[in-house]
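Q: Hi, could you walk me through this protein model? I'd like the overall picture and then some backbone details.

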Amino acid sequence: MHQVAFPRLDDSQLDALGRCAGASLHQHKAGQKLIEVGERDFKFFVVKSGEIEILDESGETPKTIAVLERGEFTGDVSHLTGGPSLVSAIVRDTCETYEVSAEGVREILNRFPALGDVILQAFIARRQLLKESGNFTGLRVIGSRYSRDTLRIRDFLSRNRVPFTWLDLEADPQVDQLLKQFGVSAADTPVVAWGRKLLLRNPSNRELAEALGIRQPLEQTVYDLVVVGAGPAGLAAAVYAASEGLSTAVLERTGPGGQAGHSMRIENYLGFPTGVAGSELADRAVVQAGKFGARLVVPTPVTGLTFENAYPVLRLDGGETVTAKCLLIATGADYRRLAAEGCEQFEGSGVYYAATSTEAPLCRAAEVVVVGGGNSAGQAAVFLSGIARKVYLVIRGDNLYKDMSSYLVRRIEQTSNIEVLLNATVRRMLGDRHLNAVEIVNHKTDETRRLETPALFSFIGAVPRTDWLPAEIERDDKGFVRTGSALAQSLHWTARRPPFLLETSRPGVFAAGDVRSGSVKRVASAVGEGAMAVAFVHEYLKEM
C-alpha cells in the first residue's frame with residue numbers, strides 16, 4: 001500500500017509532466033510552507049530536486065508522514081473533490097518543483113492516462129492509509145454517545161470523508177483533560193477541535209462544512225445539468241454528464257452515498273464478488289466525478305423549485321439560487337419512522353436508521369434490535385452480529401425470503417447470534433436520556449416480550465424526499481415522482497413529443513433512483529438510471 005501511495009515518477013514521466021500547460025518550475029527555500037493544513041485549492045507539487053516533508057499537525061505534536069524526494073509528489077483526493085488539505089507540506093532544504101494548479105491536475109489525469117493512473121491511485125491510497133494507520137488523529141469530536149448532535153456530527157464527517165477521532169464523553173479517559181485544555185465543560189459538548197485549537201461548539205452541518213472548507217461554492221449560476229441528491233443515481237449521472245462535457249453540479253443535503261452509503265457490505269453489486277462497502281463505492285464515485293470536473297456542493301439542502309423561461313431554478317437553504325438547463329431529481333428516500341410509542345424521543349440516542357461504523361461502538365457486547373425484512377435490514381443484522389452479543393431481527397411477516405435476497409437469508413440463518421422474531425412489531429420504547437429497552441408484540445399470539453437494549457435500527461420502508469417539489473412535478477399516491485409515457489396526458493406536460501422514459505411531467509426535468517415511482521430499489525438499478533438519464537439530457541438539449 002505504501003508503494004502505491006508514494007510512487008516515484010521516472011525521468012520520462014517528469015518530462016511529460018513538465019510539458020503540461022498548467023505546470024511551471026519553481027525554486028523554494030528551506031522552511032518554506034508549500035501547503036497549509038485546511039487550505040483549499042492548494043497546489044500540486046512534484047519534486048525535481050531537494051526534499052519536501054509532509055506533516056500531520058492534527059495531534060498534540062506534529063508528526064512526519066513522509067519525506068518526498070525527486071520524482072515524488074504531494075496531494076490526495078482533495079484535489080479532485082475540492083476539499084481542504086489534511087496535512088502540511090514544508091520544504092526541508094532548497095528544493096525545485098513542478099507546480100500545478102488543481103485544474104491542471106485534472107488535465108494531467110485526463111490527457112496522460114498512464115501518468116494519471118499512477119497519480120490517481122496514489123491519491124486514493126493516501127487517504128486510505130490515513131484512515132487505517134491508527135496514527136492520524138484528524139479532527140477530534142468530543143461528545144456523548146447518547147447525544148443526537150454528536151451522532152449527527154460524526155455521521156456528517158464520515159459521509160464526507162473527513163478523518164476524525166471520536167472521544168466518548170462517557171468512556172474516554174482523555175476527555176476531562178481536553179475539556180479543561182479547551183476551556184469548555186461537558187455541557188458545551190459536542191465540540192470539534194483540530195490539534196490544540198478548539199474550532200466549534202455544537203456546529204450545524206453547514207457551519208462545520210464552512211469552517212473545514214469542505215463546502216465548495218458554485219462556480220456559475222447556470223449549469224447544463226443540476227443533480228439534486230448524491231446517492232448512486234446522482235453520482236452516476238454526475239460522472240457520465242461531466243465526462244461527456246456537460247457543466248454539472250450536484251447538490252447534496254448531507255453527504256454522498258444515499259441509503260447505499262450506509263451499507264457496510266453490498267454483495268450483489270456487479271463486479272464486486274467479495275462485496276463492497278457503500279461508503280467506499282460512494283468515495284470512489286465522488287473522486288471519479290471530480291476527475292471529470294463535476295461540482296459537488298455539500299451540505300446544500302434544496303428548499304424549492306420554480307421555473308423561469310422554461311429553466312428550472314433551485315432555491316437553496318442559504319438563500320442562493322442556481323439555474324439548470326436540465327434537472328435530475330435523485331433525492332432518494334428515507335426510512336419510515338416506526339409507529340411505536342417513544343420512537344421520536346430516542347431518535348439519535350438509541351433509535352437509528354443506519355448501521356455503520358458510526359453507530360457500531362454503541363453496540364459492542366450488547367443486545368441490539370433490527371427492524372425490517374428487506375436487504376438493508378438483513379445487511380445491518382449481519383454486520384452488527386460481528387459486534388453485538390446478540391441481534392434480534394424483527395419482521396412483521398412470517399417469511400424472511402419474501403422480501404430479502406436468498407444469500408442474505410442463508411447468512412442470517414447460519415449466524416448463531418441472530419434471532420429472527422417473525423410476525424412481530426415494536427410497540428413501545430423505554431428509557432430516560434437514552435433507550436434502555438423495547439417491547440415487542442407478536443400479532444398472532446399477542447405475546448409481549450421486553451428486550452433490554454441500547455440500540456434499535458429501523459429499516460421499514462421508504463418515504464421519498466420530494467417535499468421541496470412544486471405541483472408541476474407529478475407524484476404518485478405515495479409521493480414518488482412519476483415519469484415516462486404515462487405522463488403524456490398530464491396537464492403539466494407542454495412538449496409536443498411524449499416524455500422520455502425518465503422524464504417527469506415537466507420537460508427537461510428527470511428523475512432517477514429510489515425517488516422515481518416504479519423504480520427497482522437496488523444500487524445497480526439506480527446507477528443505471530443515473531447513467532441513462534444523461535442520454536435523455538443530451539436529447540433534450542438538442543431541442544433547445
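Here is a chat about the fold as a whole and a few single residues.

Q: What kind of model is this, and how are the residues numbered?
A: The model is predicted, with residues numbered from 1 along each chain as its sequence is written; local features need pLDDT of at least 70, side-chain atom pairs count only at pLDDT 80 or more, and totals for chains, interfaces and linings use all residues. Side-chain values use heavy atoms, with hydrogens and water left out.

Q: Thanks! How many helices and strands are there?
A: The protein chain has 13 helices and 26 strands. These are DSSP runs numbered from the N terminus: helices are H or I with at least four residues, strands are E with at least two.

Q: And what is the radius of gyration?
A: For the protein chain it is 25 Å, which agrees with the value near 24 Å that a compact globule of 544 residues would have. The radius is taken over C-alpha atoms, and the globule rule is 2.2 Å times the number of residues to the power 0.38. Along its principal axes, the C-alpha trace spans about 80 × 70 × 45 Å.

Q: What share of the residues is buried?
A: Of the 544 residues, 57% are buried. Buried means under 20% relative accessible area, exposed over 50%, and partly exposed in between (1.4 Å probe, protein chains only).

Q: New topic: where are the cis peptide bonds you wanted to show me?
A: One joins Thr189 and Pro190, with omega about 5 degrees. Pro190 is in the loop between α7 (175-182) and β8 (191-194). Another cis bond runs from Val298 to Pro299, with omega near -10 degrees, and Pro299 belongs to the loop between β12 (295-297) and β13 (302-308).

Q: What about Arg161, what is its phi?
A: Phi of Arg161 is near 60 degrees, a positive value in a residue other than glycine. You'll find Arg161 in the loop between α6 (148-159) and β7 (164-168).

Q: Is Arg161 buried or exposed?
A: Arg161 counts as buried because its relative accessibility is 13%.

Q: And Asn309, buried or exposed?
A: Asn309 is exposed, since its relative accessible area is 78%. Asn309 also has a positive phi, about 55 degrees, although it is not a glycine. Its place is in the loop between β13 and β14 (311-316).

Q: Last one: where does Gln3 sit?
A: Gln3 is in helix α1 (residues 2-5). The C-alpha atoms of Gln3 and Ala125 are separated by 9.3 Å, while the two residues are 122 apart along the chain. With a relative accessible area of 71%, Gln3 is exposed.
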